[in-house]
Every structure is written in structure tokens, then in C-alpha cells.
Amino acid sequence: MNTLLFLDEPLTVIFVAILSWPVYKYLAKVFFGEKYEKLGQVVKYVIQWDWTSAKQGKFREDWDASLKFSVFLIMCIGWVIAIAELLCRYKLS
């Protein structure tokens, strides 16, 4: 059985990534609020150095924001990989 068939089909991955825009929006609403209220704060903490947050006494908030953003990105990338893999496997059968 072949594994990771999506690596052989980069156009399928690009196609799925573009068409998955509604999924990204839904996940962003789940992670950052209905109108993305928390997104600006999360991006600020992701960009800011950890030691700067620690000096300001906000290391916990920085860590939470970085983790939230990382999980969001992993879920978006995982969605694209999973759907592209399913399409490639369906195409072969």
C-alpha cells in the first residue's frame, strides 16, 4: 500500500488549500472569536519574544497565545493534507 500519495500531486494540494477557505474561517472563529477579536493579541504574542513577555509578567498569556496559534495552523495544514490524501487515494481506485 502506498503512503502519502498527496506528495505526488502538488496541484491537488494547492487546489484543496484554496478551496478550504471556508474551513479556515470557521476554525478562526472557533479559536479567535466570532469577529476574530483575539486574533490581534495572538499575533502580537506570536511575534513578540518570550523573554519580553516574561519581563512584562505576561509569559503565561504569551504561551497560551502561541499554543493557540500553533494548534490553529496545524489544524489548517492537517485538513489540507487529509483531504488531498483522500482525493489522491480515490483517484487511484
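A charge sits over a ring if NZ of Lys or CZ of Arg is within 6 Å of the ring centre and within 35 degrees of the ring normal.

**View 1. Lys44 over the ring of Tyr45.** By that rule, Lys44 lies over the face of Tyr45, at 4.8 Å from the ring centre. A note on what you are looking at: this is a predicted model, where local features need pLDDT of at least 70, side-chain atom pairs count only at pLDDT 80 or more, and totals for chains, interfaces and linings use all residues. Residues are numbered from 1 along each chain as its sequence is written, and side-chain values use heavy atoms, with hydrogens and water left out.

**View 2. The helices of the protein chain.** The protein chain has 5 helices and 0 strands (DSSP runs numbered from the N terminus: H or I of at least four residues for helices, E of at least two for strands). Its radius of gyration is 17 Å, whereas a compact globule of 93 residues would have one near 12 Å (taken over C-alpha atoms, with the globule rule being 2.2 Å times the number of residues to the power 0.38). Along the principal axes, the C-alpha atoms fill a box of roughly 55 × 30 × 15 Å.

**View 3. The largest nonpolar core.** This core has 16 residues, and Leu27, Phe31, Phe32, Phe72 and Cys76 touch the most other members. Here a nonpolar core is a set of buried Ala, Val, Leu, Ile, Met, Phe, Trp, Tyr and Cys residues joined through side-chain atoms within 4.5 Å; buried means under 20% relative accessible area, exposed over 50%, and partly exposed in between (1.4 Å probe, protein chains only). Helices H2 (21–32), H3 (39–47) and H5 (59–92) each give two or more residues to the core, and H5 gives the most, with 6 residues.

**View 4. Phe31 meets Phe72.** Ring pairs of Phe, Tyr and Trp (its six-membered ring) have centres within 6.5 Å; planes under 30 degrees apart count as stacked, over 60 as edge-to-face and the rest as tilted. The search of the whole structure finds 5 such aromatic pairs. Phe31 and Phe72 are edge-to-face, because their centres are 5.9 Å apart and their planes at 65 degrees. This pair links helix H2 to helix H5, 41 residues apart. Phe31 is buried at 15% relative accessibility, and Phe72 is buried at 11%.

View 5. Phe69 and Phe72 are 3 residues apart in helix H5, so about one helical turn separates them. Phe69 is partly exposed, at 21% relative accessible area. Phe31, Phe32, Phe69 and Phe72 form one aromatic cluster.
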